[in-house]
Amino acid sequence: MPRRAIEQIFIASPITEGAGVKLRRAFGHAEAPLCDPFLLLDDFRADSPKNYIKGFPWHPHRGIETITYVIDGSVEHEDSLGNKGVINAGEVQWMTAGSGIIHQEMPKGDEKGRMGGFQLWANLPAANKMDHPAYRGINASDIPEVETDSGARVKIIAGRIKNKKGPVTDVVTAPEYLDCSVPSGVEFIWPVASGRTALIYVMEGNILIGSTHVEDGAAVLFTDGEEICIDTPSGPARFLLFTGNPVNEQIAWRGPIVMNTEAELDQAFSDFSEGRFIKHS
């Protein structure tokens with residue numbers, strides 16, 4: 001099958017968000033047209049509470065999905081739909097903002113002060129931007145893990161491997177979200193239908209794609225094709241793998257809201273300031 005090559009590599013860069021959370025952004029506003037339907041990926045791994053404890057107080061979203069995957073520590077959350085709880089290590093919060101949701105996320109870390117996780121934003125098509133918002137809280141026990149023929153271990157948050165299907169379904173862009181742990185010296189091959197966007201983010205170790213070495217903290221956007229191939233010649237590696245159907249629409253993006261036109265953005269912020277933001281309770 002035609003193998004996908006590297007189209008571009010993005011190196012995660014330090015940025016401060018929320019009320020003072022220090023994190024690394026792998027890709028965002030400038031790269032969004034290339035990564036369609038994915039808009040942004042933040043890596044919020046930290047060893048000290050001072051880098052994350054102020055969190056992300058109440059803020060709105062419209063027109064997107066936010067996917068939070070916690071690997072160390074925990075995140076307390078609450079939203080305008082009435083959802084409230086804690087995202088613990090190994091768990092996922094998949095939130096479809098749709099017409100509008102207001103929420104907060106407050107990282108708490110573990111007993112050693114460590115915090116770790118990732119937040120991915122995915123775009124919604126114009127036809128779905130004003131849909132009823134939805135929330136999915138996914139326990140670690142609900143995320144199936146399979147072993148490939150090559151010995152890789154893959155956790156399926158969204159997508160399917162043989163007869164195993166991830167807990168997140170019925171998302172309009174049909175995303176795959178996989179957490180892949182690959183032993184040393186293994187060739188990991190993954191089929192991706194032509195026309196779909198494919199990205200990985202290396203979170204542990206380093207990998208080889210063709211003749212290019214890619215290290216922890218780098219995202220790789222692939223060219224079109226029908227499969228990706230990742231080698232681990234120098235040790236085990238772990239990476240997140242995302243694929244999805246592009247939306248192929250104009251992006252108008254301001255802060256936590258992504259629409260199709262500037263007029264729609266103006267309307268969203270006017271709705272928020274005048275108390276009309278929540279369309280569906």
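Which residues are linked with Arg62 in a network of salt bridges? In this predicted model, the network comprises Arg62, Asp271, Glu274, Arg276 and Lys279.

Begin by selecting arginine 62 and aspartate 271, whose side chains form a salt bridge with an N to O distance of 3.3 Å. Arginine 62 is found in the loop between β5 (56-61) and β6 (64-72), while aspartate 271 belongs to helix α2 (residues 262-273); the pair thus links distant parts of the chain, 209 residues apart. Both arginine 62 and aspartate 271 are buried.

Next, select aspartate 224 and arginine 4. Their side chains meet in a salt bridge, again given as 3.3 Å from N to O. Because aspartate 224 sits in the loop between β22 (218-222) and β23, and arginine 4 in the segment before β1 (6-11), this pair ties together parts that are 220 residues apart in sequence. Aspartate 224 is partly exposed, at 47% relative accessible area, whereas arginine 4 is buried, at 4%.

The side chain of glutamate 227 makes a polar contact of 2.8 Å with that of arginine 3. Residues touched by glutamate 227 include Met1, Pro2, Arg4, Ile189 and Trp190.

Finally, select glutamate 145 and arginine 153, joined through their side chains by a salt bridge of 3.7 Å, N to O. Glutamate 145 is partly exposed at 38% relative accessibility, and arginine 153 is partly exposed at 31%. The structure holds 19 salt bridges.

Terms used:
Residues numbered from 1 in each chain as written. Predicted model: local features only at pLDDT ≥ 70, side-chain atom pairs only at ≥ 80, totals over all residues. Heavy atoms only, no water. Polar contact = N/O pair within 3.5 Å; in protein donor to acceptor, adjacent residues only side chain to side chain. Contact = heavy atoms within 4.5 Å. Salt bridge = Lys/Arg side-chain N within 4 Å of Asp/Glu carboxyl O. Helix = DSSP H or I, 4+ residues; strand = E, 2+ residues; numbered from the N terminus. Buried < 20%, exposed > 50% of the residue type's maximum accessible area, 1.4 Å probe, protein only. Lists of a residue's contacts leave out its neighbours within four places in sequence.
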